[in-house]
Amino acid sequence: MNCQRFFIFLSFIFIACSSNDTEDQKKQCHKIETITRMDKDEFYPFETPQKKTLDLYPFEERSLDYYKITKEFFRCKGQPLNPERVDSSNKDNIKVYLDCESSAKHGLPLINGGENVYPILVDILNYIQRQTKKRVVITCGHRCPKHNSYADISNSAKNSKHMIGAEVDFYVQGLENSPQKIIDLIFDYYKTEPKYRIDNTYTSFLSYKNPTDVSTPPWYNKEIFIKLNESTENRDFNNRHPYPYITIQVIFDRATKQKVTYSWEKAHRGYLQ
Ligand SMILES: [Zn+2]
């Protein structure tokens, strides 16, 4: 019933103002209302818009040169479009390596119940950025086992802590050829950070005496192991740049008070895929 009334109403409107109406009839349909203004009406003045930079949130730390480092910066750099790599060092056993499906297809390691890398790595790199006001370039953070085999076919990489989120390779943009300055800053970090500065097992760094794959003896304290790779050393797939770079490896987890060691289980099953 209601529908019927509505249809009749629509028909009435259509007939009342159809295109066949004369000009006079159309004018009758128009209703004109005048706009009433006060005699001293003024328009609001509009200021010319000025370009404004976005205000930072209190937790943000950003400059034109760098962004605050988070665990996201450590995601695996494998790409399926990378060409296959052939290891023909042993003529009787030629190996072909393909890269992983990228970090879009797998996660970061699971550390203490969450997807993460060891937080000390993030803290140190942010400290370096704050002190130098320059960008830290992470060349290698987490490597899934497939990307690890692809990127570094050396024997020493087979147990790499990159696979368990406990190792990072990086250099600092603008200070590429001054890695010793950056290593001094890492020492400073432990001397100035309140949670470390009263404990000399963290503030004192020792020189590592055993043979390694670098010419400069590495340094270590209770928590980390620092290696300086000169511009001709350890040029794996992630470090094809011409600069020296620094490797930091986590050897002790303050959260669990446990040593951080590589295991096949953690590397191959300890991340979401
Ligand atoms: Zn990967």
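**Confidence across the predicted model.** In this predicted model, the protein chain has an average pLDDT of 89, and 88% of the residues score at least 70. The pLDDT falls below 50 over residues 14-19, a stretch that makes 4 contacts in the model beyond its near neighbours in sequence.

**Aromatic pairing at Tyr 189 and Tyr 196.** Of the aromatic pairs in the structure, which number 13, this view shows the one formed by Tyr 189 and Tyr 196, whose ring centres lie 5.9 Å apart and whose planes meet at 55°, so the pair is tilted. Both Tyr 189 and Tyr 196 are buried.

**The aromatic cluster around the tyrosine pair.** Tyr 189 and Tyr 196 belong to one aromatic cluster, which also takes in Tyr 127, Phe 187, Tyr 190, Tyr 202, Phe 205 and Trp 219. Tyr 202, a member of this cluster, has the charged end of Arg 254 over its ring, 5.6 Å from the ring centre.

**Arginine over the ring of Phe 237.** The charged end of Arg 240 is placed over the ring of Phe 237, at 3.9 Å from the centre of that ring.

**Surroundings of His 142.** His 142 is found in the loop that runs between strand β5 (136-140) and helix α4 (145-151). Because its relative accessible area is 1%, against a limit of under 20% for buried residues, His 142 counts as buried. Leaving aside residues up to four places away in sequence, His 142 touches residues including Phe 74, Arg 75, Cys 76 and Lys 77, together with His 106, Gly 107, Leu 108 and Pro 109. His 162, Met 163, Gly 165 and Tyr 271 are also among the residues that His 142 touches.

Technical notes:
Residues numbered from 1 in each chain as written. Predicted model: local features only at pLDDT ≥ 70, side-chain atom pairs only at ≥ 80, totals over all residues. Heavy atoms only, no water. Phe/Tyr/Trp six-rings, centres within 6.5 Å; stacked < 30°, edge-to-face > 60°. Buried < 20%, exposed > 50% of the residue type's maximum accessible area, 1.4 Å probe, protein only. Lys NZ or Arg CZ within 6 Å of the ring centre and 35° of its normal. Helix = DSSP H or I, 4+ residues; strand = E, 2+ residues; numbered from the N terminus. Contact = heavy atoms within 4.5 Å. pLDDT = per-residue confidence, 0-100.
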